Amino acid sequence: METKQWVVDKHEQNLESYPQIKEAAELLQANEVVAFPTETVYGLGANALSDEAVAKIYAAKGRPSDNPLIVHISTIEQLHKIAQDISEQAERLIEQFWPGPLTLVLKKKENAVASKVTAGLATVAVRMPSHPVALALIAATGLPLAAPSANLSGKPSPTLAKHVADDLTGKIAGVLDGGATGVGLESTVLDCSGEVPIILRPGGVTKEQLEEVCGVVEIDQAILKEDEAPKSPGMKYKHYAPTAPLTIVNGSMEFIQSLVNEKQAEGLRVGVLTTTEREKNYRADKIIACGSREDLETVANRLYDVLRLFDESNVDVIFSESFPSEGIGQAIMNRLTKAAGHKLITE
């Protein structure tokens, strides 16, 4: 399959009228799959009303079909066609955080979206992205778009169009290149289908920010379990993994260096994922700083890009520092833990 590529400047006005957007929208209307930028990561979009179209997402990604997809919309009117019984809490969250990196799990209307989108669940995950290219594309199609991250299943999510092309060229109809994404980690997924909102996946909107708007918010323990049916994307299967085995280390720089030395003594090439404050303190075959420990949003922004850079460096093993789990740090540690397959060493 030929994969078309279009470059779009997100700062331009009237993006819906651009020929690149129109061509991509026509492919989506024809039930093809097109990757596009959001403020979190690049998404792999398809007509959320068509099982035929959604099946192409699963095929391109190699994604298990029991993992539900997020539906992306550009208007509140689209939301009310898809979901029902929207609570006052959810309405407040929508008012505060949409458009933006917050996905809400709501009770779905019967036959409102393709069955493959929800993987047989009675709920549907919906968000309104804030990226201008994403909003213009959704509006141009006139359709809700199902869109997981635009990468091969299990690999780091793409924050650049190049990442998408590396993974999916020849597997999808097109890639809209809108430059680098913003947040760098996927949206927060919040289940609002019950009385108390429950975080199913930490992301760009933190627990603390959510609680300022709607009071008590719980964190679903199923995030850490492998044997429960997924209510949300990102809850099941190994995700975000680089090619080389990754281990998170909760310990001092000296302890991490000792682990590096052991592996190098075995003849292995070793990578270290660290921060700008600490990168000069290590001796390894590849050392990559993933932002600043003083500003964890910079770590979130670069995390997936760094994991892909380790693939290019041909290291045999990777050790990563751990991060505080407050605020955006919770999402960072969630993604690192999945990338490491839950491998953690404590000093």
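Two strands count as paired if DSSP finds at least two bridges between them; strands here are DSSP runs (E, at least two residues), helices likewise (H or I, at least four), numbered from the N terminus. The model is predicted, so local features need pLDDT of at least 70 and side-chain atom pairs pLDDT 80 or more, while totals for chains, interfaces and linings use all residues. Residues are numbered from 1 along each chain as its sequence is written, and side-chain values use heavy atoms, leaving out hydrogens and water.

An open sheet is built from five strands in the order 15-14-16-13-17, with parallel pairing. Strand 15 (286-289) and strand 17 (344-346) form its edges; each has a single partner strand, so one side of each lacks a neighbour in the sheet. From one strand to the next, the twist averages 25°. Within the sheet, strand 13 (residues 246-250) runs parallel to strand 16 (residues 317-321), and four bridges join them. Thr247 has Phe319 in strand 16 as its bridge partner.

Helices pack around this sheet. Helix 9 (residues 253-265) touches strands 13, 14 (270-274), 16 and 17, contact meaning heavy atoms within 4.5 Å. Its direction makes about 180° with that of strand 16 (angles run from 0 to 180 degrees between N-to-C directions, with axes fitted to C-alpha atoms, for helices over the stretch in contact). Helix 10 lies across strands 13, 14, 15 and 16, at about 165° to strand 15.

Helix 10 (residues 296-313) also packs with helix 11 (residues 328-339), at about 20° and with axes 9 Å apart. That makes the pair roughly parallel, a label for angles under 35 degrees.

Note on methods
Angles under 35 degrees count as roughly parallel, over 145 as roughly antiparallel, 65 to 115 as roughly perpendicular and the rest as oblique.
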